[in-house]
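Student: I have a model open and some questions about it. Can we go through them one at a time?

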Amino acid sequence: MKIYKHPDVQQVQDFYGDLLLNFYESYSVGEHLKLLADRLWEGMQNREEVVAIELSNYHPEYLGQKWNQLSSKQLDKVDAFRCIASQYGFGEWKNVEALDEQDYDPNFEKLVDLVLNGNLSKVKSLLELQPKLINQQSSYGHGASILHYCASNGLELWRQQVPGNLVAISNLLIENGADKQANMKVYGGEFTPLPLLETSAHPLEAGIMEEMKVILT
């Protein structure tokens with residue numbers, strides 16, 4: 001299956017590496033986000049330019065800034081943890097700490113992975129076994145539904161990829177009852193999938209924007 005990935009998405013995936021694989025079977029939400037924050041802090045200490053992608057997208061004080069701007073700042077561990085908390089919809093790290101070892105729902109996370117990797121047949125099979133997943137919300141603070149993940153915006157950056165058959169998968173999700181009016185918390189408000197899709201570069205660059213707009217309207 002051909003999958004469109006912006007170079008920034010690929011770099012972030014490579015940066016975190018194995019921490020993004022089967023994490024929902026190994027860690028609680030808080031444990032996992034701490035590992036990601038520690039990895040980000042390690043990258044900041046090692047002056048890896050990829051950290052600018054994360055900070056410029058999610059750290060409230062550094063939005064839109066490039067590495068040449070960030071590299072001169074006195075960044076510390078608190079910045080890494082704040083960036084991760086923001087990216088996953090928790091705002092501040094204290095909200096992650098308040099989760100009290102909340103576990104992931106492995107079936108929901110598997111569904112997200114299957115959708116974003118274009119495995120239509122396994123998406124269908126999983127929904128047949130677990131129909132309630134269709135409108136379940138993510139364990140992250142943003143509370144995204146599976147249909148939000150199809151919009152490639154406002155979510156964890158490493159998951160903003162577009163499989164070639166996303167149109168067919170999105171149709172399948174809606175046929176199975178996915179709510180197009182469900183909201184997720186992001187950008188200081190609450191948004192349904194459509195406006196997030198319309199302001200995302202990924203589906204546009206993948207060549208499926210117009211088809212997806214029709215589906216999500």
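Student: Leaving aside neighbours within four places in sequence, which residues is H59 in contact with?

Tutor: Keep in mind that this is a predicted model. H59 sits in the loop between helix 4 and helix 5 (67-70). Its relative accessibility is 0%, and the cut-off for buried is under 20%, so H59 counts as buried. With neighbours within four places set aside, its contacts are E54, D79, R82 and C83.

Student: Which residues are closest to the centre of the largest pocket?

Tutor: The largest pocket has a volume of about 570 Å³. Its lining holds 28 residues. By class they are 10 nonpolar, 16 polar and 2 charged. Closest to the centre are N57, Y58, G154, V186 and Y187.

Student: Which helices and strands each supply at least two residues of that lining?

Tutor: Look for contributions from separate stretches of the chain. The elements that each give at least two lining residues to the largest pocket are helix 1 (7-16), helix 4 (51-58), helix 6 (77-87), strand 3 (184-186) and helix 13 (201-205).

Student: Y187 has a positive phi. Is Y187 buried or exposed?

Tutor: Most residues other than glycine have a negative phi. Phi of Y187 is near 55°. Y187 lies in the loop between strand 3 and strand 4 (189-191). Its relative accessibility is 58%, and the cut-off for exposed is over 50%, so Y187 is exposed.

Student: What is the phi of N22?

Tutor: N22 is in the loop between helix 1 and helix 2. At 44% relative accessibility, N22 is partly exposed. N22 is not a glycine, yet its phi is positive, at about 50°.

Student: Which helix gives the most to the lining of the second largest pocket?

Tutor: The second largest pocket has a volume of about 350 Å³. Its 16 lining residues include L20, L21, D113, N117 and W158, which lie nearest the centre. The lining divides into 7 nonpolar, 5 polar and 4 charged residues. The top contributor, with 4 residues, is helix 8 (residues 106-116).

Student: How many residues of helix 8 are buried?

Tutor: The buried residues are F108, E109, L111, V112, D113, L114, V115 and L116. Their cover includes strand 1 (3-4), helix 2 (23-26), helix 9 (120-129), helix 10, strand 2 and helix 11 (166-175). Helix 8 is mostly covered, and its buried count is 8 of 11.

Student: Which residues does V115 touch, not counting those up to four places away in sequence?

Tutor: In soluble globular proteins, nonpolar side chains tend to be buried together. The largest nonpolar core here has 74 residues, and V115 is listed with L33 and L173 as touching the most other members. Beyond four places in sequence, V115 touches V123, I146, C150, P163, L166, I169 and L173.

Student: Which helix supplies the largest share of that core?

Tutor: The core in question is the largest nonpolar one, with 74 residues. Its largest share is 7 residues, and they come from helix 3 (residues 29-45).

Student: How many residues apart in sequence are the parts that E109 and R159 tie together?

Tutor: The side chains of E109 and R159 meet in a salt bridge, 2.9 Å from N to O. E109 lies in helix 8, and R159 lies in the loop between helix 10 (146-149) and strand 2 (162-163). E109 is buried at 0% relative accessibility, and R159 is buried at 2%. The pair therefore ties together parts whose separation in sequence is 50 residues.

Student: Which residues are linked in a network of salt bridges?

Tutor: Side chains of opposite charge can pair when their charged atoms come close. The structure holds 9 salt bridges. The network links E109, D113, E156 and R159.

Student: Where do D38 and K34 lie?

Tutor: Their side chains meet in a salt bridge, 2.9 Å from N to O. D38 is partly exposed at 23% relative accessible area, and K34 is partly exposed at 42%. The two are 4 residues apart, about one turn, and both lie in helix 3.

Student: Is E210 buried or exposed?

Tutor: E210 and K213 form a salt bridge, 3.7 Å from N to O. Both lie in helix 14 (residues 209-216), 3 residues apart. K213 is partly exposed at 25% relative accessibility. E210 has 54% relative accessibility, so E210 counts as exposed.

Key. Residues numbered from 1 in each chain as written. Predicted model: local features only at pLDDT ≥ 70, side-chain atom pairs only at ≥ 80, totals over all residues. Heavy atoms only, no water. 1 Å grid on protein atoms, 1.4 Å probe; cavity = no way out; pocket = protein on both sides within 12 Å on 5 of 7 lines; lining within 4 Å. Points joined across faces, edges and corners; volume = space filled by probe spheres on them. Nonpolar A, V, L, I, M, F, W, Y, C, P; charged D, E, K, R; others polar. Core = buried A, V, L, I, M, F, W, Y, C linked by side-chain atoms within 4.5 Å. Buried < 20%, exposed > 50% of the residue type's maximum accessible area, 1.4 Å probe, protein only. Contact = heavy atoms within 4.5 Å. Salt bridge = Lys/Arg side-chain N within 4 Å of Asp/Glu carboxyl O.
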